[in-house]
Amino acid sequence: MNEVTTRPPAPALPVQVDNSEAAKLTRAIIAAAKNPEIQMDKMERLLDLHERITAKEAEQQFNTAMVGAQSQMGRIAADAVNPQTRSQYASYAQLDRYLRPLYTGSGFSLSFDEGEGAAEGFVRVVCYVAHIGGHTRTYHCDIPADGKGAKGGDVMTRTHAVGSGKSYGKRYLLKDIFNVAVGEDDDDGNAASPPGTAPPKPVSEFTQGWIDYALSVKGTPEFQAACKQARAEISKSRDIQGLKDFNAAMGVSNA
């Protein structure tokens, strides 16, 4: 005769109760919805209050995460140079390579777009900084896109100027959003370089502008024409190193 073994019931797992203001209000709204005598205007006020409290808590999570992300960010080494001002700066690729793992690790995502409202001859670059908690903050900057050089002459087409301006705007916004300092003597942005090796020679801002423009249309029918125009303009400046830098950025061998 088989014996039936009865096992004692498994202990109940502890239930974690969310005691945030939004969660408490959610439970109150659910209870009110079950009450057939609840007035509609009172229910609407509860829902409006819930929306405001939820948005406030999401903003607090955003701010807390921003503090955590910035606490991990040090100075970034410059990898490009402006020959007119003789100053060095960090390119967008340099900033992105260093910052993206840090801000995504803190729950942030960035989306860029072109906005309205910029003055004539400018382009407005917009960045939407979204946090996993639900809050999104919008930043923007207006960048000259008239194609004029430092001496007032036309150095770029309108299309090139807009593409270059948008690339500059993305770089400035990325740096400013996270309050990042750029220092040419720092090696924070060169972690990928082999030990004992010097950072690559900075790319001139003129060449970087053409690189940004070509990359902005990569994957479109305009890409080949953009590369041809860029090489022609860089060659006119007799910048052999700039031509090599442009080809390297496009993935073309200089051999």
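Reader: What percentage of the 255 residues in the chain do buried residues make up?

Author: Buried residues, meaning those under 20% relative accessible area, with exposed being over 50% and partly exposed in between (1.4 Å probe, protein chains only), make up 33% of the 255 residues in the chain. This is a predicted model, in which local features need pLDDT of at least 70 and side-chain atom pairs count only at pLDDT 80 or more, while totals for chains, interfaces and linings use all residues. Residues are numbered from 1 along each chain as its sequence is written, and side-chain values use heavy atoms, with hydrogens and water left out.

Reader: What does the accessible surface of the chain come to?

Author: Accessible areas come from the Shrake-Rupley method with a 1.4 Å probe, and for residues only the protein chains shown count as cover. By that method the accessible surface of the chain comes to about 16,400 Å², and 53% of it belongs to carbon and sulfur atoms.

Reader: How many helices and strands does the secondary structure of the chain come to?

Author: Helices (H or I, at least four residues) and strands (E, at least two) are DSSP runs, numbered from the N terminus. On that basis the chain has seven helices and six strands, and the order of its elements from the N terminus on is α-α-β-β-α-β-β-β-α-β-α-α-α. As for contacts, which mean heavy atoms within 4.5 Å, those with a separation of 6 or more are made in 55% of cases by residues 24 or more positions apart.

Reader: Which residues of H6 are buried, and what covers them?

Author: The expected span of a helix is 1.5 Å times one less than its number of residues. Helix H6, residues 223-236, has 14 residues and reaches 20 Å from its first C-alpha to its last, close to the 20 Å expected. Its buried residues include Phe 223, Ala 226, Cys 227, Ala 230 and Ile 234. Seen down the axis of H6, the buried residues fall within an arc of 100° (taken from the directions from the helix axis to the C-beta atoms), so they line one face of the helix. Their cover includes helix H5 (205-216) and helix H7 (240-249), whereas the face turned away from the buried side carries the exposed residues Gln 224, Ala 225, Lys 228 and Lys 236. After H6 comes Arg 238, whose phi is positive, near 60°.

Reader: How do strands S3 and S4 run, and how many bridges join them?

Author: Two strands pair if DSSP finds at least two bridges between them. Strand S3 (residues 108-115) and strand S4 (residues 122-131) run antiparallel and are joined by eight bridges, with Asp 113 standing opposite Val 126 in S4. The hairpin of S3 and S4 has six residues between the strands, and there Gly 117 takes a positive phi near 105°. Gly 121 also lies in the loop between S3 and S4; Gly 121 is buried, with a relative accessible area of 15%, and its C-alpha is separated by 5.3 Å from that of Ala 145, 24 residues apart along the chain.

Reader: How many salt bridges does a search of the whole structure find?

Author: Side chains of opposite charge can pair when their charged atoms come close. A salt bridge is counted when a side-chain nitrogen of Lys or Arg is within 4 Å of a carboxyl oxygen of Asp or Glu, and the search of the whole structure finds five. One of them joins Arg 124 to Asp 142, with the closest N and O atoms 2.7 Å apart. This pair links distant parts of the chain, since Arg 124 is in strand S4 and Asp 142 in strand S5 (residues 136-144), 18 residues apart. Arg 124 counts as buried at 17% relative accessibility, while Asp 142, at 31%, counts as partly exposed.

Reader: Where do Lys 236 and Glu 233 lie?

Author: Both lie in helix H6, three residues apart, about one turn of the helix, and they form a salt bridge whose closest N and O atoms are 3.6 Å apart. Lys 236 counts as exposed at 62% relative accessibility, and Glu 233 as partly exposed at 23%.

Reader: Which residues is Val 203 in contact with, leaving aside its neighbours within four places in sequence?

Author: Val 203, which lies in strand S6 (residues 203-204) and is buried with a relative accessible area of 15%, is in contact with Asp 79, Ala 80, Val 81, Gln 208, Ile 211 and Asp 245 once those neighbours are left aside.
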